[in-house]
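Here are my notes for someone opening this one for the first time. Have a look at the chains yourself, then read on.

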Number of protein chains: 2
Amino acid sequence: MSLLVIGTLAYDDIETAHEKRQGVLGGSATYFAVAASHFAPPRLVGVVGQDFAEADLAKLRSAGVATEGVEVADGKTFRWGGRYEADWNTRHTTFTDLNVLEHFQPKVPEGFRDSKFVFLANAAPAVQLQALEQVEHPDFVMADTMNLWIDVARPDLESLLRRIDAIILNDEEARMLTGESNLIRAAGAVLGLGPRLVVLKKGEHGAFLMGGDVHFSLPAYPVQDVVDPTGAGDSFAGGFMGYVASQGSSEPEVLRRAMLHGTVTASFCVEDFGIEPLAGREGDELAARFDDLLGIVTV
Amino acid sequence: MSLLVIGTLAYDDIETAHEKRQGVLGGSATYFAVAASHFAPPRLVGVVGQDFAEADLAKLRSAGVATEGVEVADGKTFRWGGRYEADWNTRHTTFTDLNVLEHFQPKVPEGFRDSKFVFLANAAPAVQLQALEQVEHPDFVMADTMNLWIDVARPDLESLLRRIDAIILNDEEARMLTGESNLIRAAGAVLGLGPRLVVLKKGEHGAFLMGGDVHFSLPAYPVQDVVDPTGAGDSFAGGFMGYVASQGSSEPEVLRRAMLHGTVTASFCVEDFGIEPLAGREGDELAARFDDLLGIVTV
């Protein structure tokens with residue numbers, strides 16, 4: 001079924017312990033859409049500047065992403081810079097140039113408003129709410145957020161949490177949002193804020209899913225050579241939501257398998273810079289890694 | 001089938017962010033044996049001092065532990081002190097009084113020498129080897145170790161690794177032993193040192209098992225209130241080895257279920273100080289938590 005994502009497109013400058021890359025095509029919606037495209041054709045809503053390469057939009061389209069919702073605004077594309085410590089566990093943001101993102105007001109094209117599955121990538125909660133209001137009758141809405149919004153836009157975030165089905169958070173965000181250091185308690189407290197499902201990401205330690213009728217925990221896929229973790233979380237969300245949309249259901253058995261699909265798309269994402277390691281995969285490569293992961297976790 | 005453990009019995013002084021306890025019955029073999037006793041009656045080899053309470057030996061016997069191999073030596077029982085940070089992730093050793101352990105030479109009683117399943121709890125590798133040599137024809141031997149021995153007794157440890165079937169390590173030990181920071185690579189490198197199986201413990205992030213014909217990864221049981229993590233690793237090993245011994249097999253399907261049983265015994269262990277939370281459990285309580293964990297990890 002139809003899948004809509006509202007989020008950022010960006011050019012990233014990335015520095016790892018081994019390599020530096022500049023102007024890498026990135027952004028939350030980009031990673032999400034490419035990951036999701038392996039399961040369901042995503043509709044993308046976002047904004048870019050006049051410097052955004054037509055070739056990059058073409059890459060997304062060739063991955064099956066509908067780009068009519070990508071607005072080209074006056075100014076430059078959002079740019080972000082990040083540097084990773086050698087152990088991958090610490091990321092420093094070196095700069096954030098919002099550029100066209102600063103005054104972005106998402107406009108969901110007429111043809112996208114009937115979308116049934118919706119992912120609100122990380123943005124100001126007011127912007128996420130504004131996007132959501134343009135979708136007519138969504139069946140399943142998942143949102144992402146970040147520490148900044150928990151800190152500076154908590155009332156908006158709480159409004160958002162009452163409007164969505166699922167929230168995806170990392171461990172630090174879950175602790176910050178709830179004040180609970182134990183992650184199981186934190187997840188329970190998040191559910192108390194409104195959503196019926198929470199996906200809690202723990203990076204290299206995997207992720208778990210908690211809701212009224214489901215509790216599922218999964219280790220990360222054992223990637224031997226991480227090259228660049230940028231986009232891993234959005235790639236996870238893309239694989240997860242892409243699979244859920246492809247099944248047209250958010251039943252527990254679908255959600256559990258969706259956790260594996262998200263883990264697989266995230267594992268491809270980190271094997272190189274940008275979207276290439278994910279966009280270049282064939283269906284049978286994803287299926288083989290899914291089976292491999294299933295073998296690793298099956299009792 | 002018969003299960004033998006060689007390791008320490010101790011009195012521990014433990015300090016958490018919430019509470020202090022002195023003279024808590026502990027030690028690697030104690031925790032291991034109590035956990036294992038839920039699956040197979042363990043035979044225990046170790047040493048205590050003349051201050052060791054007969055009531056504590058009685059506790060072990062009433063849990064089904066055979067204590068003929070517990071030598072009472074001149075002097076005092078091994079004492080250890082530890083303090084945990086509020087996040088549980090950091091443990092400081094406040095003191096180590098080896099006492100009778102200093103000159104301990106394990107003597108495996110005649111009646112224990114036919115043991116088929118053997119756990120060599122953390123000790124100097126030379127002592128572990130000395131114990132192992134007294135077992136006639138073991139089917140499956142697992143050993144634990146610690147950073148100290150990797151540092152000061154590496155040649156002995158390497159000899160040991162060539163003699164055993166399985167090694168259980170935490171993440172830090174695996175990295176130190178192999179020089180590999182990626183845990184999957186580290187586990188592979190450990191296998192290159194001799195054992196056919198490695199169990200890699202990641203504390204609150206679970207554990208994985210790797211060998212030539214098995215790779216299995218499991219999250220920790222979601223304990224909401226950790227009271228004292230002392231003994232969790234040995235309780236894991238006890239549940240794991242107890243189940244393996246009860247099945248008389250180290251086939252992959254047995255090892256996978258053993259990982260769950262170890263996770264369950266460790267989860268009970270951390271819910272209070274000492275062996276009580278584990279010794280006091282009924283079989284159906286363990287079975288219920290096993291089923292709960294199985295539900296959380298089944299795709």
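The numbered points below go from the chain contact to some individual residues.

1. First, the ground rules. This is a predicted model, where local features need pLDDT of at least 70, side-chain atom pairs count only at pLDDT 80 or more, and totals for chains, interfaces and linings use all residues. Residues are numbered from 1 along each chain as its sequence is written, chains are lettered from A and ligands numbered from 1 in the order in which they are written, and side-chain values use heavy atoms, with hydrogens and water left out.

2. Start where the chains meet. On chain A, 24 residues are in contact with 24 residues of chain B (contact means heavy atoms within 4.5 Å). Together the two chains bury about 2,200 Å², 55% of it on carbon and sulfur atoms; buried area here is the accessible area (1.4 Å probe) that two parts lose on being put together, summed over both.

3. What holds hands across that interface? There are two salt bridges between chain A and chain B, a salt bridge being a side-chain nitrogen of Lys or Arg within 4 Å of a carboxyl oxygen of Asp or Glu. A:R185 pairs with B:D225 in a salt bridge, with the closest N and O atoms 2.7 Å apart.

4. On the chain A side, the elements giving two or more residues are α7 (183–191), β13 (214–218), α9 (252–269) and α11 (283–297). Of these, α11(A) gives the most, with four residues. Helices (H or I, at least four residues) and strands (E, at least two) are DSSP runs, numbered from the N terminus.

5. Over all chains, the salt bridge count comes to 25. One of them joins A:K107 and A:E71 (3.5 Å, N to O). A:K107 sits in the loop between β7 (91–97) and β8 (117–120) of chain A and A:E71 in strand β5 (residues 66–72), so the pair ties together parts that are 36 residues apart in sequence. A:E71 is partly exposed, at 29% relative accessible area; the classes are buried under 20%, exposed over 50% and partly exposed in between (1.4 Å probe, protein chains only).

6. Another salt bridge in chain A links A:E133 and A:R163, with the closest N and O atoms 3.8 Å apart. A:E133 is exposed at 55% relative accessible area, while A:R163 is partly exposed at 42%. A:D56, A:K59 and A:E276 are also linked, in a network of salt bridges.

7. Now look at B:R113, in the loop between β7 (91–97) and β8 of chain B. B:R113 is partly exposed, at 26% relative accessibility. Its side chain reaches the backbone oxygen of B:V108 at 2.8 Å.

8. Last stop: B:S267, in helix α9 (residues 252–269) of chain B. Is B:S267 buried or exposed? B:S267 counts as buried, at 4% relative accessibility. A polar atom of its side chain lies 2.7 Å from the backbone oxygen of B:V264. Leaving aside neighbours within four places in sequence, B:S267 is in contact with B:Y221, B:V223 and B:R289.

Technical notes
A polar contact is a pair of N or O atoms within 3.5 Å; within protein, one must be able to donate a hydrogen and the other to accept it, and residues adjacent in sequence count only if both atoms are side-chain atoms.
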